[in-house]
Amino acid sequence: TNPWCSSTRAALQTGRHSRHWGFGEFLRDWEPLELPLDEKTLPEVFGYHGYETAAVGKWHMATKNSTNAYNHPNLQGYDTFSGLLHNAKYWSWQKVDNGVISSYPDYSPTYFVDKGIELVETMEEPWLLYFPFPLVHGPFHVPPIHLHDYDTLDPATATRGELVDAMAQAADTELGRLIDAYDPNDTVLVFMGDNGSNGPSV
């Protein structure tokens, strides 16, 4: 892996080091870079073996200026994609559904979990769900109050550590909803991070 999100995500999808496909750090939205379509990916392999495949969350292996841009997740093999093409945004974000762009006002982690639950309840078995969740990732913020146990947390005065703690609790709460939606006796869960912790937060 690499100490950056885009390149580690691409390594996870391909099983290959970033030197094979040309970017070793995160993709900036103005760069015309993407994971090349000739790379064999997880959904292509799983799909070949009869799996329905979906990706929900933060993609960040293409940009709005790359060749395939908003269609990139589907062209890389996913039957369904819903989420962010680029970096993490939490409110008023640009949602991509199978290449179609729309504006979405509400908290993106909650949307991603709702969509993930919808998919695990409706996809034909066997299925693969790639779920690149944006929490905990900057911009650091106070999540909706029902997702953490802080009674009051003022974003203007909260420490970075308090914000990260609240965001981590929000991740636990939301991911718990997704995990509760499938049969743990019939599902393999792989949980991993795509880069190291933010230094000032630690």
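I'll start with a pocket. In the second largest pocket, strand 3 contributes the most to the lining, with three residues. Before going on, please keep in mind that this is a predicted model. The space in this second largest pocket comes to about 240 Å³. There are 13 lining residues, and the closest to the centre are Asp-29, Leu-84, His-86, Asn-87 and Gln-94. Sorted by class, the lining of this pocket holds six nonpolar, four polar and three charged residues.

How many strands does the open sheet have, and in what order? There are five strands, ordered 4-3-2-1-5, and the pairing is mixed. At the edges sit strand 4, residues 100-104, and strand 5, residues 127-130, each of which pairs on one side only. From one strand to the next, the twist averages 15°.

Let me go through some of the pairings. Strand 2, residues 80-84, and strand 3, residues 93-97, run antiparallel and are joined by two bridges. In that part of the sheet, Ser-82 stands opposite Asp-97 of strand 3.

Strand 1 has parallel pairings. With strand 2, strand 1 runs parallel, and five bridges join them. With strand 5, strand 1 also pairs in the parallel sense, over four bridges.

Why is strand 1 described as largely enclosed by the rest of the structure? Six of the seven residues of strand 1 are buried, so the rest of the structure largely encloses the strand.

Next, the helix that goes with this sheet. Helix 4, residues 108-122, lies across strand 1 (52-58), strand 2, strand 3, strand 4 and strand 5. Relative to strand 2, helix 4 runs at about 170°. Is Lys-115 buried or exposed? Its relative accessibility is 16%, and the cut-off for buried is under 20%, so Lys-115 counts as buried. Leaving aside residues up to four places away in sequence, Lys-115 touches Val-56 and Ser-82.

Which residues does the cis bond with omega of about 5° join? That bond joins Leu-135 and Val-136. Val-136 is found in the loop between strand 5 and helix 5, residues 160-179. Another cis peptide bond runs from Gly-138 to Pro-139, with omega near 0°. Pro-139 also lies in the loop between strand 5 and helix 5.

Last, two residues with positive phi. Ala-69 is not a glycine, yet its phi is positive, about 35°. Ala-69 is in the loop between strand 1 and helix 3, residues 72-75. The relative accessible area of Ala-69 is 11%, so this residue is buried.

Asn-98 is not a glycine either, and its phi is positive at about 50°. The place of Asn-98 is the loop between strand 3 and strand 4. With a relative accessible area of 39%, Asn-98 is partly exposed.

To go back over the main points: the sheet is open and has the order 4-3-2-1-5, helix 4 lies across its five strands, and strand 3 gives the most to the lining of the second largest pocket.

Methods
Residues are numbered from 1 along each chain as its sequence is written. This is a predicted model: local features need pLDDT of at least 70, side-chain atom pairs count only at pLDDT 80 or more; totals for chains, interfaces and linings use all residues. Side-chain values use heavy atoms; hydrogens and water are left out. Two strands pair if DSSP finds at least two bridges between them. Axes are lines fitted to C-alpha atoms, for helices over the stretch in contact, and angles run from 0 to 180 degrees between N-to-C directions. Contact means heavy atoms within 4.5 Å. Buried means under 20% relative accessible area, exposed over 50%, partly exposed in between (1.4 Å probe, protein chains only). On a 1 Å grid over the protein atoms alone, a cavity is a set of points where a 1.4 Å probe fits but cannot get out, and a pocket is an open set with protein on both sides within 12 Å along at least five of seven lines; lining residues have an atom within 4 Å of a point. Grid points are joined across faces, edges and corners, and a volume is the space filled by probe spheres set on the points. Ala, Val, Leu, Ile, Met, Phe, Trp, Tyr, Cys and Pro count as nonpolar, Asp, Glu, Lys and Arg as charged, and the others, Gly among them, as polar.
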